[in-house]
Amino acid sequence: KYEKLDDNTFKFDGSTPIFDVNKIINSVIEDYNNDIDDDIIFNNISFDTFTLVKSNKLDEFIPVNYPHKLFKSMKYTVTLPGKRLRPVMCLEACRMFGGNIEDALPTACAIEMLHAQTLIHDDLPCMDNDNYRRGQLTNHMVFGEANAVLAGDALLTFAPQIILKNSKHLGAEKLIKILEEYFQAAGAYGVIAGQVVDIESE
């Protein structure tokens, strides 16, 4: 239970200290952009979130099945070293509003998969033409350009399947709302539009 004081400020249970959502998010983003060590960033979030983000759930959600090269390509970028900023924000938002962060974990992982998809396509020769990402060879440098395109395409649709398969207990109404948000962010009004703007700005 929480009391909404304004659009971004909340107080829980009448006793928990007031916090500002924007301030917390901006603080994490600032640490991320400044390449602050993971442990410093995670000092500002709950232990439960830290544990889940550092778990192997992302790895578990992408087993290497046939066609093996496709799944290896998908998994390669999703599991690259990183701070997992987006799943952290998803899980922390759930926790701050009194939800069960275990319930939010499939969605948090799906968001990271969507993010990985954008990185794969952004690095392609026809886009930014980058050979390295997070100190590692980019997807198309390891698996070839055609496989990288297909891996990105696959992640775009694989991610919402993770939500559906692992969140059925949330009920149809919540799932529809979650998927509506996902597809809005993933489509022509979201990250794809952002990529178009990036290309036009070059």
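Residue I192 is found in helix α11, where helices (H or I, at least four residues) and strands (E, at least two) are DSSP runs numbered from the N terminus. The model is predicted, so that local features need pLDDT of at least 70 and side-chain atom pairs count only at pLDDT 80 or more, whereas totals for chains, interfaces and linings use all residues. Residues are numbered from 1 along each chain as its sequence is written, and side-chain values use heavy atoms, with hydrogens and water left out.

With a relative accessible area of 43%, I192 is partly exposed; buried denotes under 20% relative accessible area, exposed over 50%, and partly exposed the range in between (1.4 Å probe, protein chains only). When neighbours within four places in sequence are left aside, I192 is in contact with A186 and G187, contact meaning heavy atoms within 4.5 Å. The C-alpha atoms of I192 and T118 are 8.2 Å apart in space, and these two residues are 74 residues apart in sequence. Helix α11 spans residues 191–201 and also contains Q195. Q195 counts as buried because its relative accessibility is 17%. Residues up to four places away in sequence not being counted, Q195 touches D122 and M127.

The secondary structure of the protein comes to 11 helices and 5 strands. Of its 202 residues, 38% count as buried. Among contacts in the protein with a separation of 6 or more, 57% are accounted for by residues 24 or more positions apart.

Two helix pairs were examined. In general, two packed helices are described by the angle between their axes and the distance between the axes. Axes are lines fitted to C-alpha atoms, for helices over the stretch in contact, and angles run from 0 to 180 degrees between N-to-C directions. Helix α6 (residues 85–96) packs against helix α7 (residues 101–122) at an angle of about 155 degrees, with the axes 8 Å apart. That angle makes α6 roughly antiparallel to α7; angles under 35 degrees count as roughly parallel, over 145 as roughly antiparallel, 65 to 115 as roughly perpendicular and the rest as oblique. The crossing of α6 and α7 is right-handed, a crossing being left-handed if the near helix is turned anticlockwise from the far one by less than a right angle, and right-handed if clockwise. On the α6 side, R86, P87, C90, L91, C94 and R95 meet I101, A104, L105, T107, A108, I111, E112 and H115 of α7. By class, this contact of α6 with α7 has 9 nonpolar, 2 polar and 3 charged residues. In this classification, Ala, Val, Leu, Ile, Met, Phe, Trp, Tyr, Cys and Pro count as nonpolar, Asp, Glu, Lys and Arg as charged, and the others, Gly among them, as polar.

Helix α9 (residues 145–166) and helix α10 (residues 172–186) pack at an angle of about 165 degrees, and their axes are 11 Å apart. The two helices α9 and α10 are therefore roughly antiparallel to each other, and their crossing is right-handed. From α9, L155, L156, A159, P160, I163 and L164 make the contact with L175, I178, L179, Y182, F183 and A186 of α10. The class composition of the contact of α9 with α10 is 12 nonpolar, no polar and no charged residues.

Aromatic pairs were assigned to rings of Phe, Tyr and Trp (its six-membered ring) whose centres lie within 6.5 Å; planes under 30 degrees apart count as stacked, over 60 as edge-to-face and the rest as tilted. By this rule the count comes to 3 aromatic pairs. The rings of Y76 and F143 have their centres 5.6 Å apart and their planes at 70 degrees, so this pair is edge-to-face. Because Y76 lies in helix α5 (residues 68–78) and F143 in helix α8 (residues 139–143), the pair ties together parts that are 67 residues apart in sequence. F143 is buried, with a relative accessible area of 13%. An edge-to-face pair is also formed by Y182 and F183, at 5.2 Å centre to centre and 85 degrees between the planes. Y182 is buried at 6% relative accessible area, whereas F183 is partly exposed at 48%.

Leaving aside neighbours within four places in sequence, F143 is in contact with K69, K72, S73 and Y76. F143 and S73 are 70 residues apart in sequence and 6.4 Å apart in space, C-alpha to C-alpha.

Two backbone features concern loops. The peptide bond from Y66 to P67 is cis, with omega near 0 degrees, and P67 lies in the loop between α4 (57–61) and α5. N129, although not a glycine, has a positive phi of about 55 degrees. N129 lies in the loop between α7 and β4 (132–133) and counts as partly exposed at 46% relative accessibility.
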